[in-house]
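Hi,

Here is the structure I said I would pass on. Have a look at it first, and then read on for my notes.

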Amino acid sequence: MARILVTSALPYINGVKHLGNLVGSMLPACAYARFMRARGHEVLYICATDEHGTPAELAAAKAGQPVRVYCAEMHETQKRLGAGFRLSFDYFGRSSSDRNKALTQHFAKKLSEAGLIEEISTRQVYSPADGRFLPDRYVEGTCPNCGYDKARGDQCENCTKQLDPVDLIDPRSAISGATDLEVRETKHLFLRQSKMKARLAEWIESKTDWPLLTTSIAKKWLYDGDGLQDRGITRDLDWGVPVKRGDEDWPGMEGKVFYVWFDAPIEYIGATAEWADANGLDEAAWRRWWRTDEGADDVRYVEFMAKDNIPFHTLSFPATLMGSGEPWKLVDFIKGFNWLTYEGGKFSTSQGRGVFMDQALEIMPSDYWRWWLLANAPESADSDFTWAAFQTGVNKDLADVLGNFVSRVTKFCRSKFGEQVPEGGAYGPEEAALAAELDTRLAAAAKAMEAVEIRRAAQEIRGAWVAGNEYLQRAAPWAVFKEDPARAAAQVRCGLNLVRLYAIVSRPFLPDASDAMFAALGLDPETESRWPDGAQAALSALPPGHAFTVPENLFRKIDDAERSDLEARFAGAG
Ligand SMILES: [Zn+2]
């Protein structure tokens, strides 16, 4: 038994996430964690909302709420939607927690002591009317490049040019509209990543088993241009972790907070401590996952994220951990994802284009989404969500293959043998051939999951469903029953055991359907969902006489009219 720590990139707090966000981190991490639990490993799957930073303040202002209240409510919303998608977090924390605050301030102190933090004076826009420095996004004005009059201080939305707030023509405060802005000197802390470059490079180069997507992005940031740059880790904001050295004040840093990109990954550790607190466990309980001197040296740590998060997880967060000089656990494997597009374009919150997590659950049960998204995860390239592809996946894979199999076997058995596993007859060469094919499929699925190749694993699981259907079609117990009821009984017994096997191996992808199959067989998923050692034994797990009930149809089909309605509804205003 191994110990496996799983984290998925923290969803940002400023709204409900869309399907692309879901499949780019949390959903594959959940399937991986579920699979590893089924293999008997000790798994801890941690996630949290990422709550600090300017966009949270702006979203709260737009909602007319204090940012603390907004974040607390949106955290509950995201937590509820995660539960709706059966995301199997061991803990879903908050980066605004006291735990994360203390850890972030602790790391800053250690980095400072190691000479890895530099104080640099910068010139920044100050608004006397607002009584504060304005972060980039809080300054609006006319773009010097294209003349667009609502350009933000970090970027012009119209021509996409990256801007500095002092570049803007006729700048004004996005908070108050004040135009009497000044440029003042202010001090900020920089993490001296450049000093860590050799050590980070050596570490990245040693990761020969990482996906190319992950290492290529890390190397680009390490080597391109002038190489790895020092990074500002403080901001002039109210909402965030106050800049302190441990629990001591940091002279000159009053009123400043750590930049969200510094404190967010530390929350992986913070949320693990929150998990221990929530479960009444001691300090050692969470530290054994994170401190290699306190038990974490045998932990395998796997991170999931979309590709835009890779630089921070391959370089900045490791720089924080290594630079502290303390024995913190570093990631062992980073799984990066490309983008999920929506009907050939981008998901857009502002234009209402694409499907968001709350809407998805109103339309279909979570298993339908889980299956399609995981089976089409954007691993080696971007994937495109289309309603036509979704309809095909649900109807063909789920309804026609898995759902149909379960329905046929249980209904046929009920009509001929009653609601219990029939006795009589014996397995022969056909069942042996089926077991051999299942062994091949399930070994391939397990190998793919170990390697975090989610699409391939889904294909193999589907292959195992198809093998069962083909077996049933060849065996044709409904025809055999007339001549040789004992042989038909053996075939049906094999089919009912397949339902149990499917409940186990489909569970990482389809937890609700798995629950329904286990319930129909009168089995407890808690004790029965251990990944099988071999198909032959699994096909004899349910003894003759074991009672079952015929489940409701596991999946319904999506017809063309419904698909057209959904296409129109989510096409967006733009
Ligand atoms: Zn512009």
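Predicted model: local features only at pLDDT ≥ 70, side-chain atom pairs only at ≥ 80, totals over all residues.

Ala 201 is in contact with Leu 222 and Tyr 223, leaving aside its neighbours within four places in sequence; contact here means heavy atoms within 4.5 Å. Ala 201 sits in helix 5 (residues 197-205). Helices (H or I, at least four residues) and strands (E, at least two) are DSSP runs, numbered from the N terminus. With a relative accessibility of 11%, Ala 201 counts as buried. For that scale, buried means under 20% relative accessible area, exposed over 50%, and partly exposed in between (1.4 Å probe, protein chains only).

Residues are numbered from 1 along each chain as its sequence is written, and side-chain values use heavy atoms, with hydrogens and water left out.

Now the metal. Which residues hold the zinc ion? Its protein donors are Cys 143, Cys 146, Cys 156 and Cys 159, each through SG, lying 2.3 Å from the zinc ion. Donors are N, O and S atoms within 2.8 Å of the metal (3.2 Å for Na, K and Ca), and sites may look incomplete because water is not among the atoms. The angles that the four donor atoms subtend run from 105 to 114 degrees, so the arrangement is tetrahedral. The rule is that four donors count as tetrahedral if all angles lie between 85 and 135 degrees; four count as square planar and six as octahedral if opposite donors are over 155 degrees apart and all others between 65 and 115; anything else is irregular. For reference, the ideal angle for four tetrahedral donors is 109.5 degrees.

Along the sequence the zinc donors follow the spacing C-x2-C-x9-C-x2-C. Cys 146 comes from the loop between strand 6 (139-142) and strand 7 (151-152), and Cys 156, 10 residues away, from the loop between strand 7 and strand 8 (169-173), a pair that links distant parts of the chain. Cys 146 counts as partly exposed at 34% relative accessibility, whereas Cys 156, at 0%, counts as buried.

On to helix packing. Helix 13 (residues 429-450) and helix 14 (residues 454-475) pack with their axes 7 Å apart and at an angle of about 170 degrees, which makes helix 13 roughly antiparallel to helix 14. Axes are lines fitted to C-alpha atoms, for helices over the stretch in contact, and angles run from 0 to 180 degrees between N-to-C directions. Under 35 degrees counts as roughly parallel, over 145 as roughly antiparallel, 65 to 115 as roughly perpendicular and the rest as oblique. Among the residues making the contact are Leu 434, Leu 438 and Leu 442 of helix 13, and Ile 454, Ile 461 and Tyr 471 of helix 14. By class, this contact of helix 13 with helix 14 has 14 nonpolar, three polar and six charged residues. Ala, Val, Leu, Ile, Met, Phe, Trp, Tyr, Cys and Pro count as nonpolar, Asp, Glu, Lys and Arg as charged, and the others, Gly among them, as polar.

Helix 7 (residues 260-278) and helix 9 (residues 310-323) have axes 10 Å apart and an angle of about 80 degrees, so the two are roughly perpendicular to each other. The contact of helix 7 with helix 9 has nine nonpolar, two polar and no charged residues.

Leu 111, in helix 4, is buried, with a relative accessible area of 0%. Its contacts beyond four places in sequence include Leu 191, Phe 262 and Thr 320. Asp 98 is also in helix 4 (residues 98-113), but counts as exposed at 62% relative accessibility.

Most residues other than glycine have a negative phi. Arg 86, in the loop between helix 3 (67-84) and strand 3 (91-94), has a positive phi of about 60 degrees. Ala 476, in the loop between helix 14 and helix 15 (477-483), has a positive phi of about 45 degrees. Arg 86 counts as partly exposed at 34% relative accessibility, and Ala 476 as buried at 14%.

Cheers
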